[in-house]
Amino acid sequence: MTRHARMRGGARAAGVLALVLLVLAVAVALVRGEDGGDGGDGAADEARAGARRFLDAWAAGDLTEAAGLTDDPGAARSLLESVRDNLRAERVEFALTGEPARPADAAAGPAADEDALAVPFTATHTLPGVGAWSYDATALMLPSREGGDGWRVAWESAVVHPRLAEGQTLVLTRGEPERAPILAADGSQVAGPSPVWDVAVWPARLTEPDAAWAALDGLDVGIDTDALADRVAAADPDQSVPVVTLRDAVFQEHAGALRAVPGLQFAEDTRTLAHAARAVVGTVDPETGAGVSGLQERYDDQLAGAVSAAVVIADRDSGEAVDTLYQQESSAPGSPVETTLDPEVQAAAEAALESAGREAAIVAVEPSTGHVLAAADWPVDGFPRSLQGQLAPGSTFKVVTAAALLEGGTTPDDVLGCPRTVTVDGQSFENQDEFALGPDTTLHEAFTASCNTALIDHLELFEDDTPHRTAEAFGIGAEWTVGASTFDGGVPVAESDNELAASLIGQARVQASPLVMASIAATVAEGAFRQPVLVPAAVDEPHHAASELEPGTFEALRTMMRDTVTEGSAAVLAGVPGEPHAKTGTAEFQTEEGELSTNAWLIGYLGDADLAFAVVLEDGGSGGSDAGPVAADFLNAL
């Protein structure tokens with residue numbers, strides 16, 4: 001073989017070798033994903049999936065699971081729990097925001113691993129009193145070694161926030177402004193900061209448990225002492241067991257009996273409490289400081305003011321802030337909510353209801369302005385039926401029915417009769433206790449005695465929509481803007497003669513709140529509808545009645561309502577000063593058990609004062625005999 005031939009053979013061998021090396025290089029590149037530095041589609045997808053699993057577990061609050069998806073579970077869990085406890089986020093959300101790529105700084109640490117991929121994401125923490133706070137961060141992902149499953153987060157504090165160093169955590173700091181009060185018309189506080197007493201049991205020192213349970217039962221605030229005894233028995237002997245938080249007046253009333261029992265503990269504190277109209281004013285959550293019902297909830301932003309807040313980086317050992325990541329506006333105090341409530345009228349209403357001791361409500365309004373002077377409920381911390389109750393008004397609605405007759409041409413002296421019963425399409429209607437007044441009974445006499453049959457026996461004087469249209473002159477049938485949640489009444493158009501008959505006496509689908517019925521009395525007193533208002537600043541445009549009644553109609557109603565007191569069913573008010581005018585009512589309804597019961601009503605106004613009122617007692621009794629004495633107690637206290 002010549003030298004030339006040997007050279008050609010060597011060249012061919014070298015070419016083959018080069019080709020083999022090129023193929024191997026490509027194969028390795030494909031296997032290792034070195035096609036531009038992002039780890040290849042397969043590696044990138046796995047890195048993203050690993051980051052997604054970690055972030056999903058963090059967002060769900062499963063911090064043990066999240067930490068287990070890192071290469072240092074102990075350190076990861078410790079920091080994640082610290083951030084959770086110190087930020088107190090209401091919600092945590094994450095979104096992957098870009099493609100995995102080789103880390104920019106791959107000179108040292110986990111980033112130096114030639115397989116490491118950085119996965120970018122956005123974190124959003126919804127913080128109490130602040131809202132959503134977002135930032136961008138990166139999770140450095142490493143493939144599992146030695147047969148591990150999936151990719152894991154290379155743990156470092158910067159995973160939580162890019163400016164977070166080892167030994168640091170995130171902390172939410174808040175400056176809570178003082179909550180503003182809710183005021184009565186004279187500027188006194190209806191709700192504001194008040195002293196309270198936290199009562200607890202110290203098990204190790206509870207030497208007379210029976211005496212403790214008896215003292216706590218004596219508070220009459222609904223403590224389940226049997227369940228409390230079980231909690232105390234299961235508690236650590238030196239671990240305080242909370243029992244109840246008492247208003248200062250309640251605590252002072254029972255302080256002697258409580259302090260005499262070894263093992264009961266007491267700590268004074270301050271909370272925002274309603275001093276009057278408690279069901280309407282509402283409550284504030286003692287933990288969050290936010291209004292959770294009534295006016296406190298409706299005007300929470302105004303009352304609470306602006307909270308100052310910041311997210312800071314703090315040293316985990318000292319707690320000292322070393323950097324500020326987010327700063328909210330400066331703290332600003334809340335501003336008071338001014339109501340139209342009259343403290344003396346409100347107190348008189350609440351005292352009258354307390355004496356009655358039944359589920360009940362009293363509303364008082366100022367006829368000339370519509371201002372709500374009192375909105376009292378019993379129980380005091382129960383449902384605000386004074387403004388929101390949806391009840392059949394019974395015979396108090398005869399004010400509207402009588403107005404319809406008067407507007408149609410009937411006079412108070414026109415004879416209607418008052419038989420014992422009247423039948424409409426097979427349905428029998430009767431008067432309370434089945435009384436009858438005779439065939440010569442006039443509208444005036446039927447009104448003052450509260451005769452149902454006098455009206456129902458003359459259905460021909462009414463159209464199906466007559467009660468509905470007449471009620472509109474009293475403001476009923478539209479949405480009112482009172483400055484509080486209210487039920488503004490409903491008088492649907494009757495769909496049958498039977499329903500029309502029942503509607504005339506405030507039954508069927510006719511419903512009203514005590515506020516609505518007080519407003520009906522106020523409309524008679526004023527001679528025009530003035531929409532009730534509780535928080536004037538919240539009422540831009542009050543509702544105006546869709547129609548007006550004739551002056552003569554109001555004059556006749558005033559005379560009949562006054563005579564209802566002097567010679568009729570509201571005689572219980574005859575000795576009350578102020579020239580009371582009134583109408584009684586007894587509304588039937590079916591209880592949840594299917595039994596027939598009644599709500600007792602009395603509405604009216606004082607001829608010598610700018611005050612109208614409505615009283616309702618639920619579940620039992622009649623207007624004159626049950627609601628009447630409560631109304632008398634209320635008016636006599638003014």
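Which residues are buried in α17? Here, buried means under 20% relative accessible area, with exposed over 50% and partly exposed in between (1.4 Å probe, protein chains only). In α17, the buried residues are N498, E499, L500, A501, A502, S503 and L504. Helix α17 (residues 497-504) is thus mostly covered, with 7 of its 8 residues buried. Their cover includes α13 (398-407), β15 (421-424), β16 (427-430), α15 (453-456) and α16 (466-472). After α17 comes G506, which has a positive phi near 70 degrees.

Before going on, a word on what you are looking at. This is a predicted model, in which local features need pLDDT of at least 70 and side-chain atom pairs count only at pLDDT 80 or more, while totals for chains, interfaces and linings use all residues. Residues are numbered from 1 along each chain as its sequence is written, and side-chain values use heavy atoms, leaving out hydrogens and water.

Now step back to the whole chain. The protein chain has 20 helices and 19 strands; these are DSSP runs (helices H or I, at least four residues; strands E, at least two), numbered from the N terminus. Its radius of gyration is 38 Å, well over the 26 Å that the globule rule gives for 638 residues, so the chain is more spread out than a compact globule. That radius is taken over C-alpha atoms, and the rule is 2.2 Å times the number of residues to the power 0.38. Along its principal axes, the C-alpha trace spans about 150 × 70 × 45 Å. Of the 638 residues, 47% count as buried.

Next, look for the aromatic rings. The structure holds 9 aromatic pairs. Rings of Phe, Tyr and Trp (its six-membered ring) pair if their centres lie within 6.5 Å; planes under 30 degrees apart count as stacked, over 60 as edge-to-face and the rest as tilted. F54 and W58 make a tilted pair, 5.9 Å centre to centre with 55 degrees between the planes. The two are 4 residues apart in helix α2 (residues 40-59), so about one helical turn separates them. Both F54 and W58 are buried.

A second pair joins F613 and F634: their ring centres are 6.3 Å apart and their planes lie at 65 degrees, so this pair is edge-to-face. It links distant parts of the chain, with F613 in strand β19 (residues 611-617) and F634 in helix α20 (residues 623-636), 21 residues apart. F613 and F634 are buried too. Finally, return to F54 and W58: together with F94, F121 and W155, they form one aromatic cluster.

Methods
Contact = heavy atoms within 4.5 Å.
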